[in-house]
Amino acid sequence: MCDGTARRVRLRPRLRGVAEGLPRLRLREFFCHRAVLFMGQRSGRQERSKKPEMSLSENLTAEEEDNKEENKELKTKDQRLPLVFGVADLKNGAVGLYNMGQTCCLNSLLQVFLMNIHFTGILRRITVPPNASLKRRNVPYQMLLLLEKMQSGKQKAVFPTDLARCLSVHRMDLFMQHDAAQLYLTLWNLVKMQIKDQDLVTKLSDLYTICVQEHLACQICSSETKRNSNMLTLPLPVLDSNSHKLKTLEDCLQCFFHPEELTGHNMCFCEYCEKKTPFLQSMKLVHLPQTLTIHLKRFCFERSASVHKLSHCLPFPEELDFNAVLTEQQSQAHDSEKAAWQYELFAVVTHSGSANFGHYCAYIRSLTECKWYCFNDSTVDQVSWDDVKCTYGHSDLYWGQTAYLLIYMKKHPQ
């Protein structure tokens, strides 16, 4: 919870987040986040075809011929990559992704990334790997090839087979239950690690990274420590400190930035007082990115230690102004920074089912057409804002779609 790097206050080591740059969460939130059974998707695994065994020499010859053909094919694709734009710019409309067996979570997140023209603008500038082997292992390159595949044909949906193989090389098991928030961080970090151009890495970080300032103040001697932390998603609770259901997204933001007293077993050691003392922990918002991802923490532990999904209604606005939500004490930013804190909803990743299994899909607003689409694996339908509002949640609808990730875009980027 607390950090021991301060000059006057030595605190307990903080618990690290899942992804690089992810902030330390409050103690009880951390254990809820780590222990939760990932909200999964419908099962289904394709059987692998059986091929006759070949000798070593035959294998080497066949592999060499395959590599020649693959290099030739990839060279042709590389020549077309500069023409690739966001999926929303395609004349024949948005394209779906076939479910290859429990890949609805991956499909939904890929659509969110590839419908973001700011993200695809970075992808289009990456350095193409020099050979076929490296191309097969490079996640941003395979995402770019998938984007080109979605735009080049007239089919309503395509198979993300090559990207799935690439992700499996990086020990990502696609044929299992996945949590969308966790997979989102994993995909983003893989893209960041494999982009060689540091200027593009900086642009990618600027596009998604949130910055908050954590404050810890001893309630006995008033000594204080401050620390800036970066995160990729804003993990908002949907229950308050008394386990009461929060009613709106704005309430969730207020709860996240509300100061919390660390007492009892959560007390930290104060070096000046030379003992464990009560501390006041608070967070202040420093910077918001162009693409803001909000993670609604719709899970909680029951007395039996099992995980329960919280599906109650939680409205979220189509337009969000952080200056109208947070107080002056809850932000630590210049006026020029806060002037750009006005957002429009870009995408909603929804989950239907329980905490142990279910199905994901994504509602995404085209940045060029300003129309909403529902991406349900291979099926893509144009929808209305009223359809999107149906994902607010409902406690009585077990298989009703419930918003899990909210992605907002700045209305007036700096």
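## Helix α8

In this predicted model, 13 of the 15 residues of α8 are buried, so the helix is largely enclosed by the rest of the structure. From its first C-alpha to its last, α8 reaches 21 Å, which is close to the 21 Å expected for its 15 residues at 1.5 Å a residue.

In soluble globular proteins, nonpolar side chains tend to be buried together. Here the largest nonpolar core has 62 residues, and those with the most contacts inside it are Phe119, Met143, Leu167, Tyr208 and Leu405. The largest share of this core comes from helix α8 (residues 180-194), which supplies nine residues.

Leucine 167 can be followed in more detail: when residues up to four places away in sequence are not counted, Leu167 touches Leu106, Val139, Met172, Leu174, Leu187 and Leu190.

## Packing of α6 against α7

Two packed helices are described by the angle between their axes and the distance between the axes. For helix α6 (residues 139-152) and helix α7 (residues 161-169), the packing angle is about 170° and the axes lie 9 Å apart. Because angles over 145 degrees count as roughly antiparallel, α6 is roughly antiparallel to α7.

On the α6 side the contact is made by Val139, Gln142, Met143 and Leu146, while α7 contributes Asp162, Leu163, Cys166 and Leu167. Sorted by class, the contact of α6 with α7 comprises six nonpolar residues, one polar residue and one charged residue.

Key: Residues numbered from 1 in each chain as written. Predicted model: local features only at pLDDT ≥ 70, side-chain atom pairs only at ≥ 80, totals over all residues. Heavy atoms only, no water. Core = buried A, V, L, I, M, F, W, Y, C linked by side-chain atoms within 4.5 Å. Buried < 20%, exposed > 50% of the residue type's maximum accessible area, 1.4 Å probe, protein only. Helix = DSSP H or I, 4+ residues; strand = E, 2+ residues; numbered from the N terminus. Contact = heavy atoms within 4.5 Å. Expected span 1.5 Å × (residues − 1). Axes fitted to C-alpha atoms, helices over the stretch in contact; angles between N-to-C directions. Parallel < 35°, antiparallel > 145°, perpendicular 65-115°, else oblique. Nonpolar A, V, L, I, M, F, W, Y, C, P; charged D, E, K, R; others polar.
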